[in-house]
Amino acid sequence: MRIDVVTIFPSYLQPLREALLGRAIDRGLLEVAVHDLRDWTHDVHQAVDDSPYGGGPGMVMRPQVWGEALDDVLATPDLPARLVVPTPAGRPFTQATAHAWAAEERLVFACGRYEGIDERVLLDARARGITVDEVSIGDYVLVGGEVAVLVMVEAVARLLPGVLGNPRSAAEDSFSDGLLEGPSYTRPEVWRELAVPDVLRGGNHAAIARWRRDRALERTRDRRPDLLDALGPDALDAADRAA
Ligand SMILES: CN1CCCC[C@@H]1Cn1ccc2ccc(-c3n[nH]c(N)c3C#N)cc21
């Protein structure tokens with residue numbers, strides 16, 4: 001997969017080259033290119049923003065600069081791209097989104113700042129046949145799109161074949177079966193007078209699987225009842241029995 005990110009703060013995306021994702025890049029499983037939006041400005045001040053029409057607080061990112069940047073970055077007809085624009089006004093980014101995007105050959109991320117990007121940039125891209133996804137990583141307000149891109153790229157890249165050491169990790173993710181993951185334990189057997197649950201030390205794999213399922217049901221019921229509702233009434237009954 002090829003990932004391009006356009007931003008006025010390229011260094012914000014440096015964490016993509018660390019650890020697991022950095023190793024995936026080194027192994028050729030992932031290609032990441034970060035572009036400085038200001039490279040497409042033509043004035044001495046490298047202006048990327050201007051006052052909003054209709055008044056209001058803050059500034060809006062100029063369409064001319066974004067238009068030229070995306071013309072260049074998206075100019076690869078042989079590699080169809082999906083343009084992703086993080087915004088608090090976007091559709092929720094979920095694990096299902098991550099799985100869908102993991103099948104793409106290329107993702108291009110446009111990181112807005114200020115009050116956002118002039119709407120005509122997205123309209124123009126869609127008019128030129130580009131798939132444009134406006135997505136939000138959660139119901140809180142950030143200062144710009146870069147942190148959201150870090151979140152989304154990590155969620156997508158970990159699903160790519162070969163990126164995770166153990167492919168079972170992705171298959172057994174939280175949300176993969178609609179439930180939150182239950183608690184995890186490792187050595188020592190007793191720590192600060194707290195013992196590992198007996199069932200996990202007993203070697204009965206069927207009992208361990210049931211215990212883990214019950215803890216996942218219980219945790220989901222307590223923390224994310226909305227997820228349980230989505231699984232239907234049997235799941236809620238099972239969660240109540242699991243407690
Ligand atoms: C605060 N300021 C005025 C109100 C509108 C947003 C703006 C800041 N801002 C500019 C570009 C930009 C992109 C994403 C996000 C963002 N916030 N929360 C999310 N879940 C996000 C995503 N994904 C915020 C952004």
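**View 1. Polar contacts between the ligand and the protein backbone.** In this predicted model, a polar backbone atom of tyrosine 140 lies 2.6 Å from a nitrogen atom of the ligand. Glycine 138 brings a backbone N or O atom to 2.9 Å from a ligand nitrogen, and for valine 143 the distance from a polar backbone atom to a ligand nitrogen is 3.5 Å. A polar contact here is a pair of N or O atoms within 3.5 Å; within protein, one must be able to donate a hydrogen and the other to accept it, and residues adjacent in sequence count only if both atoms are side-chain atoms. On its own the ligand exposes 540 Å², of which the protein buries 84% (accessible areas by the Shrake-Rupley method with a 1.4 Å probe; for residues, only the protein chains shown count as cover).

**View 2. The shell around the ligand.** Look here for the 18 residues that surround the ligand, with Tyr114, Ser136, Gly138, Tyr140 and Leu142 the closest (a residue is near if one of its heavy atoms lies within 4 Å). By class, the shell splits into 10 nonpolar, 6 polar and 2 charged residues. Ala, Val, Leu, Ile, Met, Phe, Trp, Tyr, Cys and Pro count as nonpolar, Asp, Glu, Lys and Arg as charged, and the others, Gly among them, as polar. Strand S5 gives the largest share of this shell, 3 residues.

View 3. Strands S5 (82–92) and S7 (131–136) are the elements giving two or more residues to the shell around the ligand. The second largest pocket holds about 520 Å³ of space (the space filled by probe spheres set on grid points joined across faces, edges and corners). Its lining has 25 residues, and Pro86, Thr87, Pro88, Glu115 and Gly116 are the closest to its centre. On a 1 Å grid over the protein atoms alone, a pocket is an open set of points where a 1.4 Å probe fits, with protein on both sides within 12 Å along at least five of seven lines; lining residues have an atom within 4 Å of a point. S5 contributes the most to this lining, with 5 residues.

**View 4. A cis peptide bond.** Arginine 187 and proline 188 are joined by a cis peptide bond with omega near 5°. Proline 188 belongs to the loop between helix H6 (167–171) and strand S8 (190–191) (DSSP runs numbered from the N terminus: helices are H or I, at least four residues; strands are E, at least two).

**Notes.** Residues are numbered from 1 along each chain as its sequence is written, and side-chain values use heavy atoms, leaving out hydrogens and water. Local features need pLDDT of at least 70 and side-chain atom pairs count only at pLDDT 80 or more, whereas totals for chains, interfaces and linings use all residues.
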